[in-house]
Amino acid sequence: MENKRISTAVIRRLPRYYRYLGDLVSRDIQRISSKELSQRMNITASQIRQDLNIFGCFGQQGYGYNVVSLYEEIKRILGLTKTYKLIIVGMGNLGHALMNHESFSLHGYDYVGVFDKNPEIVGKQVSEFIIQDIDSLPSFLEENQADIAILAVTKSKAIDVAKFLIESGVKAIWNFTNKDLQILESEVVHIENVHLTDSLMTLSYKLNEK
C-alpha cells in the first residue's frame, strides 16, 4: 500500500510500535494482545488494531500478536531491512552530536560524508571523515550514494542550502534547522522537519498546567 494513502498520524506511530515491540523481543515475550500493548504505549487498543489492520492481518482473536512476527513486519514496512547512506550538512555542535548518535548505525543508517561551508573547519577530521566544502557535494554525489541528507545549518541558511541539496540530487532531507521546509517537498524529494524547541515548549506547557 502506498504511503500517500496512509495518514501521517499512523505513519508517525509506526516507529513507536517498532520500539516497544523491540523491547518485548529483547525480553523474550512471545505474544501480546492489543489491550496489553495499549497499556504499555498509552494508545487505545482500538487505535492499535486500526493502525495495524491498514497493513495486514497480523493478530488472531484469542491469541493476540506474535511479537517477533509483528516486529519484523513493522521493520519491513518502515524500510529498515535496507541500509541507508547519510550525509551531514552543517558540522557545528548539533552536527557533531548527530554524527555521534550510536543508535543510527544499529538501525541501518551509515554515514558516508560530512559537509560545511565554514573555512575554519573544512578540511578538519571528524571521526573517520574529513569535513568537505559543501560546494563539492554535486561531484561527491556523482561518485557516492547518499539516501538522506541531515541538515544542521543555521535557520537563516536553511532554504538556500536545502535548495542546493535538492539541485545536487538529494532525495530526502532530515531537517534540524527549526525552519519548515515543507514548501520544497515534492513527489521526488521527501523532507522531515524536526523542531527541538517545539518538544521543549510542549514540556514547559505540561509544567505550567500543573
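Figure 1. Helices here are DSSP runs of H or I with at least four residues, strands are runs of E with at least two, and both are numbered from the N terminus. This is a predicted model, where local features need pLDDT of at least 70, side-chain atom pairs count only at pLDDT 80 or more, and totals for chains, interfaces and linings use all residues. Residues are numbered from 1 along each chain as its sequence is written, and side-chain values use heavy atoms, with hydrogens and water left out. Picture the C-alpha atoms in a box: along the principal axes they fill roughly 65 × 45 × 35 Å. Of the 210 residues, 37% count as buried. Buried means under 20% relative accessible area, exposed means over 50%, and partly exposed is in between, using a 1.4 Å probe and protein chains only. Now take the contacts (heavy atoms within 4.5 Å) with a separation of 6 or more: residues 24 or more positions apart account for 54% of them.

**Figure 2. Here is the largest nonpolar core, with 21 residues.** A nonpolar core is a set of buried Ala, Val, Leu, Ile, Met, Phe, Trp, Tyr and Cys residues joined through side-chain atoms within 4.5 Å. Look for Ile87, Val89, Leu151 and Leu165, the residues with the most contacts inside this core. At least two core residues come from each of β4 (84–89), α7 (137–143), β9 (148–151) and α8 (158–167). The biggest giver is α8, with four residues. In soluble globular proteins, nonpolar side chains tend to be buried together.

**Figure 3. Zoom in on Ile87 and its contacts.** Skip the neighbours within four places in sequence, and Ile87 still contacts Val112, Gly113, Phe115, Leu137, Phe140, Ala146, Ile148, Ala149 and Ile150.

**Figure 4. Helix α2 (residues 34–41) has a buried side and exposed residues on the face turned away from that side.** The buried residues are Ser34, Leu37, Ser38 and Met41. Seen down the helix axis, these buried residues fall within an arc of 105°, so they line one face of α2; the arc is that of the directions from the helix axis to the C-beta atoms. An α-helix has 3.6 residues a turn, so residues three or four places apart point the same way. Lys35 and Gln39 are the exposed residues on the face turned away. What covers the buried residues? The cover includes α1 (8–26), β1 (31–32), α3 (45–53) and β3 (64–66). Just after the helix, Asn42 takes a positive phi of about 60°.

**Figure 5. Helices α1 and α2 cross at roughly 105°.** Their axes come within 11 Å. Axes are lines fitted to C-alpha atoms, for helices over the stretch in contact, and angles run from 0 to 180 degrees between N-to-C directions. On the α1 side you can pick out Arg16, Tyr17, Tyr20 and Leu24, which meet Leu37, Arg40 and Met41 in α2. These contact residues divide into five nonpolar, no polar and two charged. For this sorting, Ala, Val, Leu, Ile, Met, Phe, Trp, Tyr, Cys and Pro count as nonpolar, Asp, Glu, Lys and Arg as charged, and the others, Gly among them, as polar.

**Figure 6. Helices α2 and α3 cross at roughly 110°.** The two axes come within 8 Å, and the angle makes α2 roughly perpendicular to α3. Ser34, Lys35, Leu37 and Ser38 in α2 meet Ala45, Ile48 and Arg49 in α3. The tally for this contact is three nonpolar, two polar and two charged.

**Figure 7. Asp116 sits in strand β5 (residues 109–116).** Is Asp116 buried or exposed? Asp116 is buried, with a relative accessible area of 13%. Not counting residues up to four places away in sequence, Asp116 touches Gly90, Met91, Gly92, Ile121, Val122, Ile131, Gln132, Asp133 and Ile134.

**Figure 8. Ser168 lies in the loop between α8 and β10 (172–175).** Ser168 is buried, with a relative accessible area of 13%. Leaving out residues up to four places away in sequence, Ser168 touches Leu137, Pro138 and Leu141.

**Figure 9. Asp28 has a positive phi of about 60° although it is not a glycine.** You'll find Asp28 in the loop between α1 and β1, and at 60% relative accessibility Asp28 counts as exposed.

Technical notes. Parallel < 35°, antiparallel > 145°, perpendicular 65-115°, else oblique.
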